[in-house]
Amino acid sequence: MKTEKEKMLSGENYFSNDKELTLDRNRVKKLLHKLNVVEYLMNGNARAILRELLPNAHKRIYIEPPFHCDYGYNIHLGEKVYFNVNCVVLDAAKVTIGSNVFIGPGVHIYTATHPTNAVERQTVEFAKPVSIGNDCWIGGNTVICPGVTIENGCTIGAGSVVTKDIPKNSLAVGNPVRVIKKLKE
């Protein structure tokens with residue numbers, strides 16, 4: 001029989017208030033408090049906190065506090081990823097972000113989602129992975145919904161709500177997002 005954490009990681013319905021998952025989130029909250037309140041500036045101490053918080057991230061990343069995530073271990077970051085202030089990553093499923101990616105202020109990346117049935121929603125949730133390719137720029141206050149893939153070389157306009165996959169080298173904007181231009185490779 002699978003644990004709730006195993007169910008979460010495999011994309012099945014799971015009970016998010018499970019003891020193990022709650023302990024994982026509480027550990028992350030303590031690390032985020034150190035990053036967002038105690039250190040606040042990106043220095044050696046903050047980098048050590050990030051290595052513990054995001055064990056699957058390249059060492060050459062920069063996160064401007066405040067930052068929030070649920071688990072940290074589901075976030076996989078390439079080299080030279082920059083998160084501006086007030087970013088949120090709900091990482092109940094894997095979030096993969098390539099190299100040379102700029103994430104604007106207030107960007108939210110969601111993997112967690114819920115059943116549409118009100119009764120089911122009271123006891124379970126599930127998650128779908130999100131992937132952002134290399135050389136992307138995600139404009140400020142963009143929301144990236146569960147299950148979305150943004151391919152290499154894309155620019156997502158500020159304030160967009162990304163509800164579907166975006167093909168490589170695209171400029172996409174709006175709510176819901178739509179591709180308005182192909183960018184040069």
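**Briefing on a predicted 185-residue chain**

A compact globule of 185 residues would have a radius of gyration near 16 Å, and the chain agrees with this, since its own value is 16 Å. The model is predicted. Its secondary structure comprises four helices and 18 strands.

**Overall form**

- Taken along the principal axes, the box filled by the C-alpha atoms of the chain is roughly 50 × 45 × 25 Å.
- Buried residues make up 45% of the 185 residues of the chain.
- Among contacts in the chain with a separation of 6 or more, 25% are between residues 24 or more positions apart.

**Packing of α2 against α3**

- Helix α2 spans residues 19–39 and helix α3 spans residues 44–53; the two pack with their axes 10 Å apart and at an angle of about 160°.
- Because angles over 145 degrees count as roughly antiparallel, α2 and α3 are roughly antiparallel to each other.
- The crossing in which α2 passes α3 is left-handed.
- On the α2 side, the contact is made by Arg27, Val28, Leu31, Leu32, Lys34, Leu35 and Glu39.
- On the α3 side, the contact is made by Asn45, Ala46, Ile49, Leu50, Glu52 and Leu53.
- By residue class, this contact of α2 with α3 consists of eight nonpolar, four charged and one polar residue.

**Arg25**

- Arg25 lies in helix α2.
- With a relative accessible area of 15%, Arg25 is buried, because the cut-off for that class is under 20%.
- Leaving aside residues up to four places away in sequence, Arg25 touches Ser16, Asn17, Asp70 and Tyr71.
- Between Arg25 and Val161 the C-alpha to C-alpha distance is 26 Å, and the two are 136 residues apart in sequence.

**Asn152**

- Asn152 belongs to the loop between β14 (149–150) and β15 (155–156).
- The relative accessible area of Asn152 is 40%, so this residue is partly exposed.
- Asp135 is 17 residues from Asn152 in sequence, and their C-alpha atoms are 6.0 Å apart in space.
- Not counting residues up to four places away in sequence, Asn152 touches Gly133, Asn134, Cys136, Lys168 and Asn169.

Technical notes:
Residues numbered from 1 in each chain as written. Predicted model: local features only at pLDDT ≥ 70, side-chain atom pairs only at ≥ 80, totals over all residues. Heavy atoms only, no water. Axes fitted to C-alpha atoms, helices over the stretch in contact; angles between N-to-C directions. Parallel < 35°, antiparallel > 145°, perpendicular 65-115°, else oblique. Left-handed = near helix turned anticlockwise from the far one by under 90°. Contact = heavy atoms within 4.5 Å. Nonpolar A, V, L, I, M, F, W, Y, C, P; charged D, E, K, R; others polar. Rg over C-alpha atoms; globule rule 2.2 N^0.38 Å. Buried < 20%, exposed > 50% of the residue type's maximum accessible area, 1.4 Å probe, protein only.
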